[in-house]
Amino acid sequence: EPAGSELALELDRRLVGLHHGLGQPERAWDAAARVVAGDPGDVDARAALTALAHELGRTEELAIRLGAALTARKAAAAPPAELRALAAELALLHANDLGDRAGAEKAWIAVLEAEPDDAEAFDELAAIYRSASRWDDLRALLERRVAATAADGARKATLLELAQLDE
């Protein structure tokens with residue numbers, strides 16, 4: 001079977017568990033990586049690859065693979081919820097495991113491209129901009145949030161924060 005075919009992907013899905021159960025995390029990583037490359041929307045394969053990346057110390061490689069998966073799913077016009085989930089995974093990996101603020105920022109922006117009113121993405125981006133004293137970027141983000149948010153309470157809080165930036 002050619003790599004990436006449905007049969008090959010199903011075999012690799014099974015190999016992930018078998019290799020991991022046999023204490024062969026490197027081989028499990030390889031199989032999970034093939035599944036994620038062939039089917040980036042496979043949430044279970046991404047979870048397995050993430051767990052293996054932490055076990056093997058391969059979080060930088062995981063970020064590259066998740067970035068490629070996000071690009072592939074965007075090109076395939078995947079549903080916004082799927083793009084949001086994948087971009088959020090990538091953002092949290094960059095922020096929490098790699099300490100890569102720029103990578104996290106880029107991924108959170110991808111979340112907003114998928115779901116323009118995503119509260120978590122707005123909050124995380126605002127924190128990034130505040131911590132780096134990027135006040136112009138924070139202002140633009142808050143203005144975007146006001147325009148995208150339908151909930152009155154969230155809009156009022158955002159407008160208040162915008163007003164405080166002017167002081």
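A residue is called buried when its relative accessible area is under 20%, exposed when it is over 50%, and partly exposed in between, using a 1.4 Å probe and protein chains only.

Some ground rules come first. Residues are numbered from 1 along each chain as its sequence is written. In this predicted model, local features need pLDDT of at least 70 and side-chain atom pairs count only at pLDDT 80 or more, while totals for chains, interfaces and linings use all residues; side-chain values use heavy atoms, with hydrogens and water left out.

## The overall picture

How many helices and strands does the chain have? The secondary structure comes to nine helices and zero strands, and the pattern read along the sequence is α-α-α-α-α-α-α-α-α. Helices (H or I, at least four residues) and strands (E, at least two) are DSSP runs, numbered from the N terminus.

The C-alpha trace spans about 60 × 30 × 20 Å along its principal axes. Of the chain's 167 residues, 38% count as buried. The chain exposes about 8900 Å², and carbon and sulfur atoms supply 54% of that area. Such accessible areas come from the Shrake-Rupley method with a 1.4 Å probe; for residues, only the protein chains shown count as cover.

Contact here means heavy atoms within 4.5 Å. Among contacts between residues at least 6 apart in sequence, 43% join residues at least 24 apart.

## The nonpolar core

A nonpolar core is a set of buried Ala, Val, Leu, Ile, Met, Phe, Trp, Tyr and Cys residues joined through side-chain atoms within 4.5 Å. The largest one holds 43 residues, and Trp29, Leu49, Leu62, Leu70, Trp108 and Leu141 touch the most other members. Helices H2 (25-38), H3 (43-56), H4 (59-75), H5 (80-97), H6 (101-114), H7 (119-131) and H8 (135-148) each supply at least two residues of this core.

Leaving aside neighbours within four places in sequence, Trp108 is in contact with Ala88, Ala91, Leu92, Glu120, Ala121, Glu124, Leu125 and Ile128. Leu62 is found in helix H4 and counts as buried, at 0% relative accessibility. Not counting residues up to four places away in sequence, Leu62 touches Trp29, Leu49, Thr50, Ala53 and Leu93.

## A few buried residues side by side

| Residue | Helix | Relative accessible area |
|---|---|---|
| His19 | H1 (residues 6-21) | 14% |
| Ala45 | H3 | 8% |
| Leu62 | H4 | 0% |

Ala45 touches Ala32, Val35 and Val36. Leu83 is in contact with Leu70, Arg73, Lys74, Ala78 and Ala114. From C-alpha to C-alpha, Leu83 and Thr71 are 9.3 Å apart in space and 12 residues apart in sequence.

## The largest pocket

Rolling a probe the size of a water molecule over the atoms shows where empty space is left. On a 1 Å grid over the protein atoms alone, a pocket is an open set of points where a 1.4 Å probe fits, with protein on both sides within 12 Å along at least five of seven lines; lining residues have an atom within 4 Å of a point.

The largest pocket has a volume of about 180 Å³. Which elements give two or more residues to its lining? They are H4, H5 and H6. Residues lining the pocket include Leu70, Thr71, Lys74, His94 and Lys106. The lining divides into five nonpolar, four polar and three charged residues.

Most residues other than glycine have a negative phi. Ala77, in the loop between H4 and H5, has a positive phi near 55 degrees. Ser133, in the loop between H7 and H8, also has a positive phi, about 55 degrees, although it is not a glycine. Is each of them buried, exposed or partly exposed? Ala77 is exposed, with a relative accessible area of 63%, while Ser133 counts as partly exposed at 44%.

Definitions and conventions:
Points joined across faces, edges and corners; volume = space filled by probe spheres on them. Nonpolar A, V, L, I, M, F, W, Y, C, P; charged D, E, K, R; others polar.
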